[in-house]
Amino acid sequence: MSSNPFDDKSASFLVLVNEEGQHSLWPGFIGVPAGWTVALAATDRAACDDFIETHRRDMRPRSLVARDLDATKA
């Protein structure tokens with residue numbers, strides 16, 4: 001048995017998102033950390049991976065994207 005919950009193929013996962021628009025795969029049995037909200041309720045890992053691939057527009061935090069946009073306007 002593995003001690004890493006991400007290695008459990010039968011585990012249930014959530015997709016979390018923070019205010020910077022960053023997504024995270026999260027084990028369903030662990031409480032949601034402060035600053036994160038559930039974007040996809042508990043489901044299998046493949047569904048979570050698909051959700052993240054579909055909804056993640058940019059890996060950078062929103063604040064960095066905004067800063068880069070401001071820099072190109074200057």
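1. Overall layout. The protein's secondary structure comprises 2 helices and 3 strands. Along the sequence they follow the pattern β-β-β-α-α. Helices (H or I, at least four residues) and strands (E, at least two) are DSSP runs, numbered from the N terminus. This is a predicted model: local features need pLDDT of at least 70, side-chain atom pairs count only at pLDDT 80 or more, and totals for chains, interfaces and linings use all residues. Residues are numbered from 1 along each chain as its sequence is written, and side-chain values use heavy atoms, with hydrogens and water left out.

2. Of the 74 residues of the protein, 19% count as buried. Buried means under 20% relative accessible area, exposed over 50%, and partly exposed in between (1.4 Å probe, protein chains only). Now take the contacts with a separation of 6 or more: residues 24 or more positions apart account for 41% of them. A contact means heavy atoms within 4.5 Å.

3. Helix α1 spans residues 45-55, and its residues Cys48, Phe51 and Ile52 are buried. They lie on the same side of α1 because they cover an arc of only 95 degrees around the axis. That arc is taken from the directions from the helix axis to the C-beta atoms. An α-helix has 3.6 residues a turn, so residues three or four places apart point the same way. The face turned away from the buried side carries the exposed residues Asp50 and Glu53. What covers the buried residues of α1 includes β1 (13-18), β2 (23-27) and β3 (36-43).

4. The start of α1. Here a side-chain oxygen of aspartate 44 comes within 3.1 Å of the backbone nitrogen of alanine 46. For a polar contact, two N or O atoms must lie within 3.5 Å; within protein, one must be able to donate a hydrogen and the other to accept it, and residues adjacent in sequence count only if both atoms are side-chain atoms.

5. The core. Which residues make up the largest nonpolar core? It has 7: Ala11, Phe13, Val15, Leu25, Cys48, Phe51 and Ile52. β1 and α1 each supply at least two residues of this core. α1 gives the most, with 3 residues. A nonpolar core is a set of buried Ala, Val, Leu, Ile, Met, Phe, Trp, Tyr and Cys residues joined through side-chain atoms within 4.5 Å. Leaving aside residues up to four places away in sequence, alanine 11 touches Pro5, Thr43 and Asp44.

6. Around Phe13. The whole structure holds 1 aromatic pair. Phenylalanine 6 and phenylalanine 13 form it, stacked, at 6.0 Å centre to centre and with 20 degrees between the planes. Rings of Phe, Tyr and Trp (its six-membered ring) pair if their centres lie within 6.5 Å; planes under 30 degrees apart count as stacked, over 60 as edge-to-face and the rest as tilted. Phenylalanine 6 is partly exposed, at 31% relative accessible area. Phenylalanine 13 is buried, at 0%. The charged end of arginine 45 sits over the ring of phenylalanine 13, 5.7 Å from its centre. For this, NZ of Lys or CZ of Arg must be within 6 Å of the ring centre and within 35 degrees of the ring normal.

7. Asparagine 18. This residue is in strand β1. Asparagine 18 counts as buried, at 14% relative accessibility. A polar atom of its side chain lies 2.9 Å from the backbone nitrogen of glutamate 20. The side chains of asparagine 18 and glutamine 22 are joined by a polar contact of 2.9 Å.
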